[in-house]
Amino acid sequence: MDIEKYKINAQNFLSELDKEYYLHFAGLKEELNIGAIYDKFGELFLLEYFNLIKEFKDKAKGEDRKKYSYLLKFCGETLIEKPVKELIDEMGEDEARAKIEVEGKDVSYRYSEVLLSNEPDKTKRDSIDEKRNKLVEKQFNPKLYMYWDTLHAQAGKLRFECYNDMFSYLKGVDLSRLKSDMEKLLEVTHQIYIDNFGKLLLSETGIELDNSKKSDFAYLKRATKYDVFFKKERLVELFKQTLALMGIDLDRQKNIFLDVEERKNKSPRAFCCTVKIPDEIYLVIMPKGGQDDFEAMFHEGGHAEHFSNTRSSLDFEYKFLGDSAVTEGYAFAMENLMQNKEWLVYFLKMSPEYAREFVYFSNVAKLWFCRRYAGKLKYELILHGSDPISGKDAIYRQILTAANLMQYSSADYLKDVDDSFYCADYIRAWVFEAQLKDHMHQKFGYGWFRQKKAGDFLKELWSYGMKYDPVEILQQLGYKDLDINYLIYSLMEEIKKNK
Ligand SMILES: [Zn+2]
């Protein structure tokens with residue numbers, strides 16, 4: 001096996017894949033031909049290569065060992081998906097075509113999510129929700145069952161006991177320990193969640209937590225009352241101005257292709273594609289306004305800044321592969337500026353009182369997400385364990401409902417699942433970001449975004465790409481480990497302080 005050739009092919013594969021995603025989701029190309037790209041690079045996904053890279057890794061030490069483990073994760077993750085590539089394309093097409101009937105009109109399944117979050121009438125919202133669930137059960141679940149069943153079998157072919165073990169091993173993350181950490185979060189925040197989320201839900205929507213459904217959260221989170229501050233015309237400009245204070249001139253970053261044009265089939269949600277790191281990064285936005293839209297733009301902008309500031313001299317593994325919790329953490333660091341009162345007052349001209357209310361709202365919503373992800377991780381570890389899939393729909397409903405204290409539908413038990421335990425990466429990224437924020441507040445103060453020094457600090461971190469994992473980065477900053485207490489403390493403090 002020529003490992004150098006393998007790496008070049010892997011890089012080209014990832015580049016072509018991201019370019020294809022960019023063109024399709026930016027609305028520049030109708031079809032999405034992922035299958036064809038997999039076929040073209042078929043030799044990347046041979047079982048014998050997986051075994052060889054594993055052998056190299058086991059023999060290697062230090063940096064080489066780390067690079068092989070990044071490469072092994074890439075190989076394993078993509079290899080097991082090979083037999084379901086066509087199924088993924090089919091499921092994507094099914095979903096794009098699926099329709100439900102709302103008040104006598106056909107509405108696409110995807111768009112019905114937007115309707116749900118904008119529907120103030122609970123009876124109507126429940127009806128849309130019910131129709132969506134029925135559709136998922138009937139039309140999506142049979143193929144999703146095949147999808148997960150195949151992936152589980154594939155993990156066995158790579159000689160893992162189950163999908164859980166495979167990803168614990170490839171990520172180098174103890175998923176059971178992370179689950180325990182998140183159980184602690186659930187326990188410690190239980191009362192504060194009931195008191196604050198329950199009250200917020202009641203005051204904003206008139207619904208009691210006991211009678212609520214997950215779809216009520218979509219409406220609560222939409223929070224149209226804040227729209228006056230989050231105008232779509234100001235979205236890009238505010239992102240640029242924020243970076244400018246940190247000493248970063250987005251207009252002069254020629255490696256970031258800012259795509260803000262309106263197109264018919266463009267994804268309404270901002271996204272970032274890393275075709276070549278650091279030379280060809282797409283930041284794609286279709287501004288529609290609202291706090292969700294701003295959060296998404298700053299999140300994706302965080303990814304774009306991370307990868308565009310990555311040193312080009314780094315090895316392929318450190319630029320394209322590695323631990324996703326790193327880049328997600330940097331993305332959250334930018335996104336969470338929207339939970340910074342000084343930022344809200346400075347850029348959006350909110351009154352300090354209104355900024356406080358908004359920060360309270362954002363943190364209560366964030367607690368909802370953290371609790372949801374605690375439930376997701378717990379459930380996904382059961383779904384992907386050694387037992388067969390069937391019958392796990394009731395477990396899904398029970399675990400997620402217990403985490404958010406809102407009714408979840410069992411219909412989503414195969415759909416509301418992240419590939420390759422990405423949910424664990426988000427959780428670790430939240431913890432990483434809470435500690436990074438703690439460090440930056442100590443070093444640069446609460447208004448860190450107004451200092452070029454803070455920008456320089458971030459640029460330095462970003463320049464290492466994905467070379468270091470969150471634990472290594474935190475150790476360089478003087479922390480011992482990823483520590484869930486920082487996330488718990490930050491959430492509880494912000495909620496108490498801004499109540
Ligand atoms: Zn992200």
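Two notes before that. This is a predicted model, in which local features need pLDDT of at least 70, side-chain atom pairs count only at pLDDT 80 or more, and totals for chains, interfaces and linings use all residues. Residues are numbered from 1 along each chain as its sequence is written.

Start with helix H4, residues 62-79. Helices here are DSSP runs of H or I with at least four residues, strands are runs of E with at least two, and both are numbered from the N terminus. The expected span of a helix is 1.5 Å times one less than its number of residues. For the 18 residues of H4 that gives 26 Å, and the end C-alpha atoms are 26 Å apart, so the two agree.

The buried residues of H4 include Tyr68, Leu71, Leu72 and Cys75. Buried means 20 or more other C-beta atoms within 10 Å of the residue's own, exposed means 12 or fewer, and partly exposed is in between, with C-beta atoms placed from the backbone. The buried residues of H4 pack against helices H1, H3, H8 and H14.

Take H3, residues 47-59. H3 and H4 pack at about 160 degrees, with axes 9 Å apart. The axes are lines fitted to C-alpha atoms over the stretch in contact, and angles run from 0 to 180 degrees between N-to-C directions. The pair is therefore roughly antiparallel, a label for angles over 145 degrees. Among the residues that meet are Tyr49, Phe50 and Ile53 in H3, and Tyr68, Leu72 and Cys75 in H4. Contact means C-beta atoms, placed from the backbone, within 7 Å.

Next, the hairpin. Strands S1 (99-102) and S2 (105-108) pair in the antiparallel sense over four bridges; pairing requires at least two bridges found by DSSP. Lys99 has Ser108 as its bridge partner in S2. Two residues lie between the strands, and Glu103 takes a positive phi near 45 degrees.

Most residues other than glycine have a negative phi, and most peptide bonds are trans. Is Glu103 buried or exposed? Glu103 is exposed, because 9 other C-beta atoms lie within 10 Å. Phe421 also has a positive phi, near 55 degrees, and sits in the loop between H18 and H19. Phe421 counts as buried, because it has 25 C-beta neighbours inside 10 Å.

Which peptide bond is cis? The bond from Ile277 to Pro278 is, with omega near 5 degrees. Pro278 is in the loop between S4 and S5.

Notes:
Two residues are in contact if their C-beta atoms, placed from the backbone, lie within 7 Å. Angles under 35 degrees count as roughly parallel, over 145 as roughly antiparallel, 65 to 115 as roughly perpendicular and the rest as oblique.
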